[in-house]
Amino acid sequence: MSDGYYNSKKTDDLCEHGSKAAKTVSRLKCVLRGFDLRTYLLLFVLMPFAILAIYLHGQKFTYFFRPLWESPPKPFQTIPHYYNENVTMEALCSLHGWGIRESPRRVFDAVLFSNEKDLLTVRWNELYPYVTQFVLLESNSTFTGLPKPLVFKSNKDQFKFVEPRLTYGTVGGRFRKGENPFVEEAYQRVALDQLLRIAGIEEDDLLIMSDVDEIPSAHTINLLRWCDDIPQVLHLQLKNYLYSFEYYVDSKSWRASIHRYSPGKTRYAHFRQSNVLLADSGWHCSFCFRYISEFVFKMKAYSHSDRVRFSHYLNPKRIQDVICKGTDFFDMLPEEYTFKEIIGKMGPVPRSYSAVHLPSYLLDNAELYKYLLPGSCVREKQTGLM
C-alpha cells in the first residue's frame with residue numbers, strides 16, 4: 001500500500017475518530033484537504049482584493065448598473081419659454097398660450113436657510129423687483145442633526161435691503177441621533193408652511209418653492225405673475241452648475257417650482273408635484289461656496305451626508321483639488337438612467353468660459369463674487385460659516 005494512501009487514510013481516521021486534542025490540531029488539515037493551488041490562490045489572494053474593490057467602489061458598480069434596476073421617471077411636458085426684453089408682456093403671455101392680467105399677482109419667495117450667504121444675496125437681488133414677501137426659515141440644526149449657528153440671524157445687517165419685505169423665523173432642531181436626514185428636512189419644511197401663513201400668503205398668490213441655490217430668473221417670475229391661466233403647479237427647468245458658474249453640467253434641474261397658492265392644499269415640498277416644466281427658467285449652482293470650510297460643513301450637514309464614506313473626503317487639500325478639476329467630491333458616477341448618459345458624463349465636468357445670461361447682480365459685482373465666475377477655482381481657507 002502506498003505512503004500517499006496511508007497518509008490520506010490516517011487523516012480520515014483523525015477527522016472521524018481522533019481524540020479531542022488530535023481533532024483540534026488536524027481541523028485545518030481536514031478542511032483544506034483536497035484543495036489545489038488555484039483554490040488557495042483564489043481564497044487568500046484574489047478574494048481579499050475582490051472584497052476590497054467592492055468596499056472601495058461598490059457604489060460605482062451600483063450606479064453604473066442603475067439602468068438595469070431602476071426605470072427613468074416619467075418625462076415632463078416641457079413648455080417652451082419665450083423672452084426678450086424688447087417684447088411686451090402681453091405678447092410674451094400670448095406666446096405661451098396665456099392671457100394677460102389687469103394687475104400682477106403677489107409673489108412669495110420661501111427658503112430654508114443653512115449657510116449660503118452669498119447665493120442668498122445673489123438670489124434676493126435677482127428676485128427683488130418682483131417679490132412681495134421674502135420668507136426665510138433657519139434652524140439651529142442641520143438635516144443630519146448637527147448643531148449649527150444661526151448664520152442669517154448673525155448677518156442680518158447684510159440683508160437690510162429686503163428688511164421691509166422679510167418674514168424671518170427660526171425653528172429648534174430635534175437632534176435625533178441616527179435618524180434619516182430626510183425626516184428632519186420634512187419637519188423643517190412643515191415649519192416653513194406655518195411661517196408662510198404668518199407672512200400673509202393668500203389664495204392665488206405665487207409661491208416659489210426652491211432651495212437657496214436654485215435661483216429662478218427675474219424675467220421668469222415677472223412673466224408668471226403677469227400671465228393668466230398658468231398651471232396651478234409649474235416646475236422650473238434650471239441650468240445646472242457645480243462649484244461655480246464655470247462648470248456647466250446640464251439643464252436637468254427641475255425641483256424648483258412655482259405654485260398658485262391654495263389654502264389648505266398647498267404644502268411646501270422639494271419633490272415632483274406636477275408633470276409640467278417651464279424651459280430655461282434660471283440657475284442651480286450646487287456646492288457654490290466661497291470658503292473650503294463651507295464645503296466641509298455642507299458635506300456633513302445635508303441630506304446625502306451618507307456619501308461621505310471616507311474621512312479623507314473632507315480633507316481641505318483634496319476638496320480644493322476636486323473643485324479645480326471639476327470632479328466629484330464623493331467619487332461617484334453620474335446619477336443617470338441610461339448607459340449612454342452615464343458614460344457620456346463620466347470624468348470631470350468640462351469648463352465653461354461663458355458668463356452670458358447669468359444673474360445681473362453677480363456680474364454687477366464680479367470682483368466681489370469672482371470665485372463664482374469662470375477662471376477662479378481657488379477658494380479662500382478661513383471659516384465662512386459666520
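This is a predicted model: local features need pLDDT of at least 70, side-chain atom pairs count only at pLDDT 80 or more; totals for chains, interfaces and linings use all residues.

Biologist: How many helices and strands does the chain have?
Modeller: There are 13 helices and 14 strands in the protein chain. As for contacts between residues at least 6 apart in sequence, 74% of them join residues at least 24 apart.

Biologist: Now the sheet. What is the strand order in the open sheet of 8 strands?
Modeller: The order reads β1-β13-β9-β12-β6-β3-β4-β5, and the pairing is mixed. β1 (77–79) and β5 (166–171) each have a single partner strand, so one side of each has no neighbour in the sheet. From one strand to the next, the twist averages 25°.

Biologist: Which strands is β3 joined to by bridges?
Modeller: One is β6 (residues 206–209), which runs parallel to β3 with 4 bridges between them; there, D109 has I208 as its bridge partner. Another is β4 (residues 133–139), also parallel to β3, with 6 bridges. F108 stands opposite Q133 in β4.

Biologist: What does the chain pass through on its way from β3 to β4?
Modeller: The chain goes through helix α6 (residues 117–127), giving a right-handed β-α-β crossover.

Biologist: Which strands does α6 lie across?
Modeller: α6 lies across β3, β4, β5 and β6, and runs at about 180° to β3. Helix α8 (residues 181–199) lies across β3, β4, β5 and β6 too, running at about 145° to β4.

Biologist: While we're on α8, is P181 buried or exposed?
Modeller: P181, which sits in helix α8, has a relative accessible area of 15%, so this residue counts as buried. Its C-alpha atom is separated by 4.9 Å from that of T144, 37 residues away along the chain.

Biologist: Switching to helix packing: at what angle do α10 and α11 cross?
Modeller: The axes of α10 (residues 292–301) and α11 (residues 316–325) come within 10 Å and cross at roughly 100°, so the two helices are roughly perpendicular to each other.

Biologist: Which residues meet there?
Modeller: From α10 there are I292, F295, V296 and M299; from α11, P316, I319, Q320 and I323.

Biologist: I also had my eye on K239. Where does K239 lie?
Modeller: K239 is in strand β10 (residues 238–242). With 23% relative accessibility, K239 counts as partly exposed.

Biologist: What does K239 touch, beyond residues up to four places away in sequence?
Modeller: K239 touches Y248, D250, S251, D280, G282, W283 and H284. As for W254, K239 is 15 residues from it in sequence and 9.3 Å away in space, C-alpha to C-alpha.

Biologist: Last topic, backbone angles. Which residues other than glycine have a positive phi?
Modeller: Among them are D229, with phi near 65°, and D331, with phi near 55°. Most residues other than glycine have a negative phi.

Biologist: Where are D229 and D331 found?
Modeller: D229 is in the loop between β8 (227–228) and β9 (233–236), and D331 is in the loop between α11 and α12 (339–345).

Biologist: Are those two buried, partly exposed or exposed?
Modeller: D229 is exposed, with a relative accessible area of 56%, while D331 is partly exposed at 30%.

Notes. Residues are numbered from 1 along each chain as its sequence is written. Side-chain values use heavy atoms; hydrogens and water are left out. Contact means heavy atoms within 4.5 Å. Two strands pair if DSSP finds at least two bridges between them. A crossover is right-handed if, with the strands pointing away from the viewer, the path from the first strand over the helix to the second runs clockwise. Axes are lines fitted to C-alpha atoms, for helices over the stretch in contact, and angles run from 0 to 180 degrees between N-to-C directions. Angles under 35 degrees count as roughly parallel, over 145 as roughly antiparallel, 65 to 115 as roughly perpendicular and the rest as oblique. Buried means under 20% relative accessible area, exposed over 50%, partly exposed in between (1.4 Å probe, protein chains only).
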